[in-house]
Amino acid sequence: MIYSGSNAVAVLTENAVKSAIEKDGEEKKIAFPDTAYFLPTIYAATGVKVATLGDLPACLEVLKSLITNKDDLGEALNAGLATAVGAEILEALKYVNNDDPYGNEKGIGFVPDSIIRSLGVPLVTGDIPGVAVLIGKAEDAETVAGIIKDYQSKGLLSFLVGDVIEQAAENGVKMGLEFRVVPLGQDVTAVIHVVTVAIRTALIFGNIQAGDLKALLEYTKERVPAFVNTFGELDSVVVSAGAGAIALGFPVIADVDLGENQVPGALESVTDHSQTVGCSLELRNIKIKMKEIPIPVSYASAFEGEIIRKGETNTEMASNRNPTCELVISRKAEEVEDHRIVVDGPDIEEIPDEIQYLPLANIIEVYGAKMQPDFEAVIERKIHTWLNYLEGVMHTGQRNLLRVRISREAVSKGLKLKHLGEMLYHMILDEFGSVVDKCQITLVTDGQKVQKLLDELAMPAYKARDERITSLTDESVDTYYTCILCQSFAPSHCCIVTPERLGLCGAVSWLDAKATVELTPNGPSRPIPKEGLIDEKYGKYESVNKIIKQETHGAVDEIALYSILEQPMTSCGCFECICGIMPEANGVVIVNREFKGMSPSGMTFGELASMTGGGVQTPGFMGHGRQYISSKKFAAAEGGPARIVWMTKELKDDVGEKLNKVAKELYGIDNFTDMICDETIATDVDEVMNFLNEKGHPALSMPEIM
Ligand code: SF4
Ligand code: ZN
């Protein structure tokens, strides 16, 4: 059956390639959108960079050579890979004369590189514990919808192919990347779009070299926690696609009885749908850590991105109307009564056709023998994430600038303020239990009381914290930290986190890493005593080198904390921004992950990003967090942030204020960001140069960067 499917796909592909070449000619370009990896399956497996239709016939030969029709399971799995190659070509052909072939379909088709990079952190932290691929048409729609919702409630990322999309939609499954349920497309060939996600994960994070098929298959099998569920009768094409999945190391669970054709651990039948989820997770050894909390709405990391519009809002607590604040503060043991949750003031009320506006002070008092004031902000920042886990609750902002919306649906299910407290209490003890022994939460909605708490408790606490953060410099501390969380995807990557240089994902600050050491002693972070200064300007230390060598298992033995050109820090792949040298301007350009356009280096974010990653040092290119741009230590060895000649408008808006302040302090320049070019001004090298000359950008008169 595998061979018959593979052969069918081979014929289909061959004919499609032939007619495409007849119609558009061999020179016609073929590419998926927003990727630096060509046709990723073909590129990763063979190293061939398909760019035009004329490149395809050679790929067809490779495809056919994989189909030996020999009666051997290994060979048959290779035929499954041939189906993957065929599916990739067929899907890529859809993009030849159409930028958005999936525009009107219930599916998104090709997944851009930037999305894969953004999934790096949730996958390594276990926030997304696994990836489910659901294909086919279930006998009854409700069942499959139930299975998807179950995966969703466990935080898994599900990709749907075929009729299950319609079936899920009919049964009220919330879909979209923000809900972790991604419809790919109707045709079975659309399954390639999740296959290339796995394959590009290997290229982006794993430093797998294109053409090294063996290493690729090992990587996907070991590090990409994916599996496949098929629904309904299996036709030969689905079977051969399934063989491809198995070759990549992803077990396939079919809901029909395959009898003696089952292959334990790789291809199994689970005909009882109530067992599908459990068996699938077990086969891939995926552990779910969420526990039961007594509240009337669902909560899951999959609801984190849920947006609640005005029309759906029952209750809003927003700082533009009412005083609001949230604060985590440490207290003495006797001042905290564990699990005490108090609502002081009016509670959430169901009001039809109107929005209930409330003030809110969310005061979380904690005590712990090992608690440190530095951890207050670390815990407080998580309130945002946890409240967003609740279905029907949207939280934005932090500190005294907040907006919390509660949907009508959630209120009709009985959601009250104490449930928000309940959720926070459980999450705090779950995640911070090693430093928090007791926790009490007070949710105040009485306007006058909130104002008083804001003025007398919260604002002074924020101010003290800010003073502490500004006083934290690389010079003022005696310990830096490692973070190796990303090693599950980028096995030899290690971030060094200092007060003035946060992790490249943007999610791990020096305070976070410090807390991590306390919270999980054998976790991803280790302290590095700042010892054995080698070079201050470059930020080289013997102790840093020693630990980086250990933590990367010898892959990296020396790094400079502050240089882009000499032993720069490695990149895993999930960086928020990438900077690269622009030799013409004697400076660097910085592009953030969300930016889709072209930079003056002649490369997009994805192309720049593909220059580095996988835990490798690439002088001239470096991934980094957004906040690092406005650090005095940014490219300090090369002269500091004055080297920034071009960055995206969005980054300017985001970090401009701080960057201007730093430039004033370091160089005495006012409004430095006005001297930096962006895409609204120019992306063409000559035009960028004209702009920089006109503005008298400081990089032009700095020493040669290379
Ligand atoms: Fe990954 Fe570095 Fe962020 Fe840690 S700090 S999660 S290693 S990118
Ligand atoms: Zn990473």
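This is a predicted model: local features need pLDDT of at least 70, side-chain atom pairs count only at pLDDT 80 or more; totals for chains, interfaces and linings use all residues.
View 1. Together with Cys572, Cys486 and Cys574 coordinate the zinc ion (ligand 2) through their SG atoms, at 2.1 to 2.2 Å, and the donor residues follow the spacing C-x85-C-x1-C in sequence. Cysteine 486 belongs to the loop between strand 15 (479-483) and strand 16 (495-497), whereas cysteine 574 belongs to the loop between helix 17 (542-551) and strand 20 (577-582), so that the pair links distant parts of the chain, 88 residues apart.

**View 2. The salt bridge of lysine 174 and glutamate 391.** The two side chains meet at 3.0 Å, N to O. Because lysine 174 lies in the loop between helix 7 (164-170) and strand 3 (181-185) and glutamate 391 in the loop between helix 12 (374-389) and strand 12 (393-398), the pair ties together parts that are 217 residues apart in sequence. Lysine 174 is partly exposed, at 25% relative accessibility, while glutamate 391, at 13%, is buried.

**View 3. The salt bridge of aspartate 374 and lysine 514.** The closest N and O atoms of this pair are 2.8 Å apart, and the contact ties helix 12, which holds aspartate 374, to helix 16 (residues 510-519), which holds lysine 514. Aspartate 374 has a relative accessible area of 11% and lies under the 20% cut-off, so it counts as buried; lysine 514, at 17%, is likewise buried.

**View 4. A patch of negative charge on the surface.** Glu139, Asp140, Glu142 and Glu233 gather here. Glutamate 139, in the loop between strand 1 (131-136) and helix 6 (141-153), is exposed, with a relative accessible area of 81%.

Terms used: Residues are numbered from 1 along each chain as its sequence is written. Chains are lettered from A and ligands numbered from 1 in the order in which they are written. Side-chain values use heavy atoms; hydrogens and water are left out. Patches are made of residues with over 30% relative accessible area and no salt bridge: like charges are joined within 9 Å, nonpolar side chains (Val, Leu, Ile, Met, Phe, Trp, Tyr) within 5 Å. Accessible areas come from the Shrake-Rupley method with a 1.4 Å probe; for residues, only the protein chains shown count as cover. A salt bridge is a side-chain nitrogen of Lys or Arg within 4 Å of a carboxyl oxygen of Asp or Glu. Lys and Arg count as positive and Asp and Glu as negative; His and the chain ends are not counted. The place of a charge is taken as NZ of Lys, CZ of Arg, CG of Asp or CD of Glu. Helices (H or I, at least four residues) and strands (E, at least two) are DSSP runs, numbered from the N terminus. Buried means under 20% relative accessible area, exposed over 50%, partly exposed in between (1.4 Å probe, protein chains only). Donors are N, O and S atoms within 2.8 Å of the metal (3.2 Å for Na, K and Ca); water is not among the atoms, so sites may look incomplete.
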